[in-house]
Amino acid sequence: MSLKRRDFMKLCTGTVAGIGISQMFHPAVHEVLAGTVSGSRPPVLWLQGQGCTGCSVSLLNTVSPSIADVLLKVISLEFHPTVMAWEGEPAMEHMYKIADKFKGQFFLAVEGAIPMAADGKYCIIGEVKHKEVSMLDAMVELGGKAAAVLALGTCAAYGGIPMAKGQLTDSMPVSKVFAAKGVKTPVVNIPGCPPHPDWIVGTLVVALQAIKKLGLQKGLAEVVKILDKAGRPTPFFGKNIHDNCPYLQNFKDSKFSATFTKKEDCRYELGCKGPDTNADCFQRKWNNGINWCVQNAVCIGCVEPNFPDGKSPFYES
Amino acid sequence: MAAGKATISIDPVTRIEGHLKAEVVVEGGKVVDARVSGGMFRGFENILIGRDPRDATQIVQRICGVCPTAHSTASCLALDEAFGVKLTTNGRIVRNLIWGANYLQSHILHFYHLAALDYVNGPNTAPFQPRYAKPDLRLDKKTNGVAVGQYVEALEIRRICHEMVAMFGGKMPHVSGQVVGGTTEIPTKERIAEYAARFKKVREFVEKKYIPVVYLVGSVYKDLLSVGAGHKNSISFGAFPLDDMSKELLLKRGVFIDGKVQDFDPAKIKEFVKYSWYDDSTTGLNFKEGKTVPKADKAGAYSFVKSPRYDGKAVEAGPLARMIITNPDLSPMGQKALKELFKLNAKKFMDLKDVAFSIMGRHVARAEETYLMLLGVERWLKEVQAGGETFVKAAIPDNAEGLGLTEAPRGSLLHYVNIKGKKIANYQIVSATIWNANPRDDSGQRGPIEEALIGTPVADINNPVNVCRVIRAFDP
């Protein structure tokens, strides 16, 4: 029995009866947690390129499931430079060992872009047997062995700020590096600067559920089916912010805020990029539903492939 | 153990933010030389050139996802000066509330989720295992269990701190709510109450759990109070203006050199690049003339970090520097712990004397700074005006300069902007960690972390646990 697209949509948009936005993953999480009783937490290797660790920090903000549950019950985070106990060469060797032991079965999570100039010298992630390991080399070697790659954040998904005008390092997103180096592993882009934790956990949990039901290949194929042309999961990135904005009527009535702190009207003339941005922030909000960019200021379109250059200047319409 | 010489290379140094390598030479069981290397370059200063100046406050946040509010604050201060705009009182206070909440998050994250595994054994699963076979973990089983429980609880507490930041900042990481001229959202009575309710929970954790456990761990690892001294010179640009004229700051401004606190002069800052992967023609420049010209193949260089020096001296930045220069009263729980666990009667931070310049001294400084920040937030919650204007509009100047000085959780932070024809002509950033994690300067003087590593005991080169303990205490 395949995971029907509408079930996936329901899980992500929280319309399962009686479940609020912050708890919308409970059915999927419950199933996945049940699976882990047999000890089947999939290994995840997490690489950081030209990033800022913001994607990891955002993930720490997941409310339900908690990050403790994600780390202890959902995935087996075998390599993550920011939180792992070990260090240096033994940590790198452990990473390679896991990649070989679970070849074709582990997930590679990537945050940050990958510099290709100077043979990858602008981002060195480790040293093994007196040899530097560049992010570029690690991406090719581990990417080729992974079941799938999660390109987390706009940098990894589309290049983002490291790839913006003025950059000097030939910075590239995961998909372009793979195309250049002939790596065929499927890539799921979860953009955002940073991505909302729900987008990361939601995609991961539903992918695991599909894999549990259908096996690895067929399960991944189900996930790939719901990606849009920019490689993003449509349940999170299929709706336009402007079309769903609480200030849409003000826009239609030409009622525009002249200054940031005047909150009654549409923020278009303050530079809001909602019309060119597709994400569910208008519904999900941020940080456990506390606030979101349009309510607080303006949208700067951080999930889009052309962020930041195509969204600049941020404060001009 | 080994009396011969051995070189140990640790890359990656984990449980930090970013990419760092440590190479130490060990002889007679102690570190006799060290090179610390930043392994990644993006080029924000180059990427900013030619842009609308207001875009800077958004772009620079992406320098760091742990402390984006540091960069947005410094950028806003530089632009405030360049645009010639003066904040409203409420704008200043809301900026402090946004900024202060992330200090709390950052310090809690650092001790528990970055540093603690150096002293605590985590659950028997990834990412807490595998680890060194001889990790030198000395906490008894019960205390270790308490520490693990706090690690898990701290995950929730730091998430709540981010909710506080987002209350007026829009979202975290990378706030939308800080702009030149102030902040974008006027606080309402309800949202102030929501912020305050979360603050109460965070405060309780800091006072009852975080601060006491730092002292407890320090008392179990007393030998680490004499490891990691370094040059013993410090710098603080100061942060968190307590009045509209910025006459008084919560974290004071100054330099501590050769045992004395002195006034700070930004003109005395120069960046050196002889051992950094940048063109040699750009060495010895003050930020006003600063240039960033990467040269990844430069012989003899070993880091992408430039070497900033103050009046030629390598100065440490961060909580230890700030606590020395500010010298506040120690927290009540800190004073109690010092009496009970160390038999020390101390009232002010400087009563700790030389012991402060150590691995454990830096963790204590961070915990004490967190307490000081609690007092700051408490004060700003009383001062903030529901409904009070937080934003002052200002036009982009044709040609102007601005300097923004603040303190990121990790250390002194400077943003300098030069605007020509309404666009950014030059933008230079001297950031927190580059004060600490820099390589040698042109005269061969080691950087603060490199110097702090000298003398570090390494009994077993296959389990060199003290090396990264020294590094992590700086929170790079």
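Within chain A of this predicted model, 18 residues of domain 1 are in contact with 14 residues of domain 2. Domain 1 covers residues 5–237 and domain 2 covers residues 242–311.

**Where the domains of chain A meet**
- On the domain 1 side, two elements of chain A each give two or more residues to the contact with domain 2: α7 (153–158) and α11 (234–237).
- Sorted by class, the residues on that side of domain 1 are ten nonpolar, six polar and two charged.

**The largest nonpolar core**
- This core holds 256 residues, and A:L45 and A:A151 are the members that touch the most others in it.
- Helix α4 of chain B (residues 89–115) is the top contributor to the core, giving 14 residues.
- Both domains of chain A take part too, with at least three residues drawn from each of domain 1 and domain 2.

**Where chain B touches chain A**
- How many residues does each chain bring to the contact? Chain B brings 70 and chain A brings 63.
- Four elements of chain B each supply at least two residues to its side: β1 (5–10), α1 (44–48), α2 (56–59) and α5 (141–169).
- Of the elements of chain B, α5(B) gives the most to this side, with eight residues.
- The chain B side is made up of 31 nonpolar, 20 polar and 19 charged residues.

**Chain B as a whole**
- Chain B contains twelve helices and 13 strands.
- Its C-alpha trace spans about 65 × 55 × 45 Å along the principal axes.
- Why can we call the size of chain B in line with a compact globule? A compact globule of 476 residues would have a radius of gyration near 23 Å, and the 22 Å of chain B agrees with that.
- Of the 476 residues of chain B, 61% count as buried.
- Among contacts in chain B between residues at least 6 apart in sequence, 72% join residues at least 24 apart.

- Chain B has a mean pLDDT of 97, with 99% of its residues at 70 or more.
- For the complex, the predictor gives an ipTM of 0.97 and a pTM of 0.96.

Note on methods:
Residues numbered from 1 in each chain as written. Chains lettered and ligands numbered in written order. Predicted model: local features only at pLDDT ≥ 70, side-chain atom pairs only at ≥ 80, totals over all residues. Rg over C-alpha atoms; globule rule 2.2 N^0.38 Å. Buried ≥ 20, exposed ≤ 12 C-beta atoms within 10 Å, placed from the backbone. Contact = placed C-beta atoms within 7 Å. pLDDT = per-residue confidence, 0-100. Core = buried A, V, L, I, M, F, W, Y, C linked by C-beta atoms within 7 Å. Domains from an automatic or database assignment. Nonpolar A, V, L, I, M, F, W, Y, C, P; charged D, E, K, R; others polar.
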